[in-house]
Amino acid sequence: MWTRVCAGSTLAAVAVVLGCGGGGDDKEKQAAERPCPTAAATMSGTPALPTGFPQPAEVTYTGQVAKGPTSIVKAYFNGDIDAAYDTYKKAFKDPFEIEDSEHEEVDAEIEFKGSGKEGQVKLLQRCKGRTSVTLTIRPE
Amino acid sequence: MRRLVAGLVLVAALAVAAGCGTSGSQDTKTLTIVVDAPFARSAYLGETIANAVQLAFQGKTPVNVGSQPYDVRIVRLDNGQSPARAVADTRRAIREHALAIVTDGTGVDAGWSLANEAHIPICIVYDGDEGLVDPEARPNVFRIAPTNHGISFRFAEYLIPKGLKIAFLTDDTGYGRGGRDALDHAFEQNRSSVATRIEIPSTATDLAPQVLKARRSGATALLVWAQPASLAEVVIAARSTGWKVPIYSAPSAEDPLVRQELADHPDWLDGLTFASGRMTAEVGPGPFLAFQSAFQSSFGPQRVGVKGPNGKPVVAPPDYAMYPYDFANLLLVAVQAARSVDGDKVVAKLNEVSVNGANGDERGFSQNNHDGVVDDDVYFARFRDMVYVPVKDDPLSRTLPPIDQEG
């Protein structure tokens, strides 16, 4: 038993020492508390999204590009990461389903599938009260 | 960091529960977990899978399921990348009342139903073939590994904007054919980006004719989805004729065999870019480095057999070890949540539980999704001086820290 505890403690110590070197997370957290700079310009027109894809009222679209078969939509959400995450999670309805989701301090991902498409909603709060949104939409 | 700490607390709690909860009045029983992998034909892959499963249970046995303590026995069966042998291994797992089968993916098409009838969950930790996993039709099959769908679409997103004319070279194994199907699907809306599609024989030791055919097709890039030996032969055939075409590859490029085959011409490997599952998560490299440290402490560094940019031996990071390790941890949590080793109950709990994975990411399945690695976690890495680093011209990859590979 003692050996087991020691082994566990060593693993934990290694993990903590190595884990503290992560770095980037703290910077992002600090950035999320700072005032936001001027937002990117709204895109002309509306993005081509699959029928029934969530379009929360708080979201402003800033651009859309095609990368091969995949469409990447850039946007921002007027609100913090919690609000953005909850809003998108509640907004996915039939024929879409959420396959996986993860919410960390200032970033979150929602994996979705439906309507012949699948992809990800990537959320990152870069400043106080605004969350960047990247939609990756690819064929199923 | 909170996730890491939570993970450690969970691990510590499991260790204490496992270690302290054994009742003196109960005889310890044995849980058998079968690792079915190509131990002889691809020792790197087989050993990686088995060692990772073993690591997951280190310090956690006996495991208490309800009030019953269990030791864990890991049985290694060599499928030799033969579906027939994999089916025979499945039958043996059933005879031995295995709790679960962890496999590279060989023979799952043929053996999953046998395991399902015996209520044994299977987890695939290497093969990304789309058809292998279907939560409705194959409720006992799970996967933690990048999918072919994810790899091929990420390649399409990465390569098509470069304006390349790509020759697909896929080998005649199940791995290569699965890759070919996935690439065809990912590139079907952009067919002008594909110069040619060539199947290469996996047993050939000279692929000069196939590479010449690709060159004559006007290809400006090669995308190889093949076993490690065939990939090495493609590189040799291209570079030995002075063709400096960019070469891209499936995750098999990571296998030490590729670098060993090219040890006499390390510069030929320079620039080879491959897709794989990200090693580090949003929380940073800490959890992965801790896992790597634990893995190497237990089994020693996985030496590739070549030297890196600083003249030191190259060590393979245990990225593909994360997947069997995470599954074994999920299995442990599922069994304890079910308070039973009954297969149906364990499968049901596998659809519900989650753990903090080896890289700090949350890992788990649901009733509708039995794939534990999402498409958007596929990144690209490029070789230079026998080690690889994430590329800078892909939005995800450029955010990932390089992992030291010399030791």
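This is a predicted model: local features need pLDDT of at least 70, side-chain atom pairs count only at pLDDT 80 or more; totals for chains, interfaces and linings use all residues.
Two strands are taken to pair if DSSP finds at least two bridges between them. By that criterion, S3(A) and S4(A) form a hairpin, with 3 residues between them.

Strand S3 of chain A covers residues 97-103 and strand S4 of chain A covers residues 107-114; the two run antiparallel and are joined by 6 bridges.

Read from the N terminus, the elements of chain A follow the order α-α-β-β-α-β-β-β-β. Of the 140 residues in chain A, 45% are buried. Contacts in chain A between residues at least 6 apart in sequence include 45% that join residues at least 24 apart. The accessible surface of chain A amounts to about 7000 Å², and carbon and sulfur atoms account for 54% of that surface.

Attention now turns to chain B and its sheet. Here 6 strands form an open sheet with mixed pairing, in the order S2-S3-S1-S4-S5-S6. Strands S2 (63-65) and S6 (141-143) of chain B stand at the edges; each has a single partner strand, so one side of each is left without a neighbour in the sheet. On average, neighbouring strands of this sheet are turned by 30° against each other, direction ignored.

Within the sheet, strand S1 (residues 29-37) of chain B pairs with strand S3 (residues 68-78) of chain B in the parallel sense, over 9 bridges. Val34(B) illustrates this pairing, as its bridge partner in S3(B) is Val75(B). In general, strands of a sheet pair through backbone hydrogen bonds, in either a parallel or an antiparallel manner.

How do the axes of H3(B) and H4(B) cross, and within what distance do they come? Helix H3 (residues 83-95) of chain B and helix H4 (residues 108-117) of chain B have axes that come within 9 Å and cross at roughly 15°. Angles under 35 degrees count as roughly parallel, and H3(B) and H4(B) are therefore roughly parallel to each other. Their crossing is right-handed. On the side of H3(B), the contact is made by Val87(B), Thr90(B), Arg91(B) and Ile94(B). H4(B) contributes Ala110(B), Gly111(B), Leu114(B) and Ala115(B) to this contact.

Definitions and conventions. Residues are numbered from 1 along each chain as its sequence is written. Chains are lettered from A and ligands numbered from 1 in the order in which they are written. Side-chain values use heavy atoms; hydrogens and water are left out. Helices (H or I, at least four residues) and strands (E, at least two) are DSSP runs, numbered from the N terminus. Axes are lines fitted to C-alpha atoms, for helices over the stretch in contact, and angles run from 0 to 180 degrees between N-to-C directions. Buried means under 20% relative accessible area, exposed over 50%, partly exposed in between (1.4 Å probe, protein chains only). Contact means heavy atoms within 4.5 Å. Accessible areas come from the Shrake-Rupley method with a 1.4 Å probe; for residues, only the protein chains shown count as cover. Angles under 35 degrees count as roughly parallel, over 145 as roughly antiparallel, 65 to 115 as roughly perpendicular and the rest as oblique. A crossing is left-handed if the near helix is turned anticlockwise from the far one by less than a right angle, and right-handed if clockwise.
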